[in-house]
Amino acid sequence: MKLPYSTPDLPGVGGTIKTRDEDFFVQEIPLYEASGEGEHVYCEIQKVGITTFAAIHSIADALGVSSRDIGYAGMKDAHAVTRQTLSIWGTTPEAVMDLKLPGITVQWASRHVNKLRLGHLVGNRFAIKIRDVEPTHVVRAKAIMKVLETRGVPNFFGEQRFGRRGNNDKIGAALIRNDNIEILRLLLGDPREGLDDPKTLHARAAFEKRDNETAMKFWPRNAGMERRVLARLMKTHKPSAAVRSIDEKIRRLWVSALQSKLFNDVLAARINSFDKVELGDLAWKHETGSVFRVEDLPAETTRAAAFEISPTGPLIGYRMTLPEGHPLEVEQSVFTTLGLAPDAFRQPGQHRIKGARRPLRVRPTDTELSAGVDDDGAYITVAFTLPAGSFATVVLGEVMKAKSDEAQDDTTADEDTADLPETDDA
């Protein structure tokens with residue numbers, strides 16, 4: 001699904017991102033500082049060209065500790081320069097500072113009392129270069145960012161939440177429905193030319209024809225999960241047994257993608273008024289993160305205009321509180337379209353997902369924009385800070401807009417004579 005813009009009437013700058021790792025910089029803003037005492041060593045690492053998990057395994061091997069004893073607050077992209085904090089049990093600050101690993105630099109190390117957990121961060125600071133642009137279009141970027149600072153950024157989940165094949169949410173829906181055959185079809189079949197490499201394409205096509213032996217022959221060795229699931233299916237001839245062989249963390253990721261899809265659909269349905277509360281809304285207090293029902297609409301409208309509160313959307317689950325009135329109608333319409341309801345997420349022994357609420361918008365802060373030229377050509381740099389769990393690619397989508405949209409927006413502008421990320425974005 002293509003996400004709608006909140007600034008459709010403002011032309012974007014076009015361009016491309018992530019042509020070079022160093023063009024995309026992100027730094028975590030920690031929830032708390034290391035105290036200097038305790039059995040865990042906190043450290044900030046800068047990594048380039050590797051995933052968070054790869055960095056953790058490399059550090060664990062170098063220090064002789066278990067990767068399970070390394071905590072992290074968020075996931076960061078491989079194709080970027082990223083700074084994030086880790087906690088490590090069973091080592092010393094001196095040993096951490098002495099690490100010399102490819103693609104990893106330790107910035108500092110200090111002790112603390114507890115292990116770092118997912119979500120233990122306030123937000124992320126981004127500085128991103130947009131390439132293949134006209135530098136003077138920085139004026140367009142500034143106009144868009146001014147609107148986003150005032151009205152807010154639609155708090156969509158970025159496309160990376162849905163995986164390289166863009167179907168994590170579909171697998172999640174099949175899991176909730178206990179449709180094991182559909183799970184295996186999406187995981188092992190569904191061949192797509194242009195997306196799958198030749199061997200994978202052969203493997204998926206063979207599975208679609210129920211030729212499991214040929215599929216196993218063609219699955220690449222690095223497709224460990226797919227090979228393991230297929231082997232289990234071939235041994236037991238039971239789809240349910242094959243699905244049970246999938247790691248629980250992966251299955252939860254798929255269900256999380258389904259929650260993200262439902263949230264995005266609700267937000268898309270409210271894109272024209274995502275900054276306004278309605279009677280019956282469950283509103284988010286930005287200062288505390290607490291949620292309350294909107295009953296005094298005039299008073300809460302004033303608070304929403306001041307960005308003190310925002311409407312929320314569903315992270316669906318069996319204990320999630322539902323809004324009332326028109327906001328409830330929007331959410332139920334989305335649930336009905338996918339044939340799901342909150343109670344479907346109450347499955348004893350399997351996928352018991354409580355659910356939560358998420359604000360429909362967030363405010364980018366400390367924004368900075370500039371233009372320049374280097375050896376790789378012209379660029380526009382967009383820098384901003386977002387709360388944890390929000391996606392920089394959504395901001396960039398507003399600033400850049402698709403090329404087809406850009407052409408259409410340019411025409412409108414001339415006539416008037418008057419631009420994604422569990423889990424984070426990088």
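Contact means heavy atoms within 4.5 Å. Helices (H or I, at least four residues) and strands (E, at least two) are DSSP runs, numbered from the N terminus. The model is predicted: local features need pLDDT of at least 70, side-chain atom pairs count only at pLDDT 80 or more, and totals for chains, interfaces and linings use all residues. Residues are numbered from 1 along each chain as its sequence is written, and side-chain values use heavy atoms, with hydrogens and water left out.

Helix H4 spans residues 168–176 and is mostly covered. Eight of its nine residues are buried (under 20% relative accessible area, with a 1.4 Å probe and protein chains only). Among them are Asn168, Asp169, Ile171 and Leu175. Asparagine 178 follows H4 and has a positive phi, near 60°.

H10 also lies across strands E10 and E11. Its direction runs at about 135° to E10 (axes are lines fitted to C-alpha atoms, for helices over the stretch in contact, and angles run from 0 to 180 degrees between N-to-C directions). Helix H11 (297–305) packs on the sheet as well, touching E8 (282–285), E9 and E10. H11 makes about 95° with E10.

The sheet itself is open and has four strands, in the order E9-E8-E10-E11, with antiparallel pairing (two strands pair if DSSP finds at least two bridges between them). E9 (291–293) and E11 (356–359) stand at the edges with a single partner strand each, so one side of each lacks a neighbour in the sheet. The twist averages 50° from one strand to the next. Four bridges join E10 (309–315) to E11. In this pair, proline 314 stands opposite arginine 357 of E11.

Grid points are joined across faces, edges and corners, and a volume is the space filled by probe spheres set on the points. The largest cavity has a volume of about 90 Å³. Of its 13 lining residues, Pro30, Tyr32, Tyr42, Thr85 and Leu116 are the closest to its centre. The second largest cavity has a volume of about 30 Å³. Its lining includes Val153, Phe156, Leu386 and Val395. Strand E7 (153–154) and helix H13 (392–400) each give two or more residues to this lining.

Note on methods: Buried < 20%, exposed > 50% of the residue type's maximum accessible area, 1.4 Å probe, protein only. 1 Å grid on protein atoms, 1.4 Å probe; cavity = no way out; pocket = protein on both sides within 12 Å on 5 of 7 lines; lining within 4 Å.
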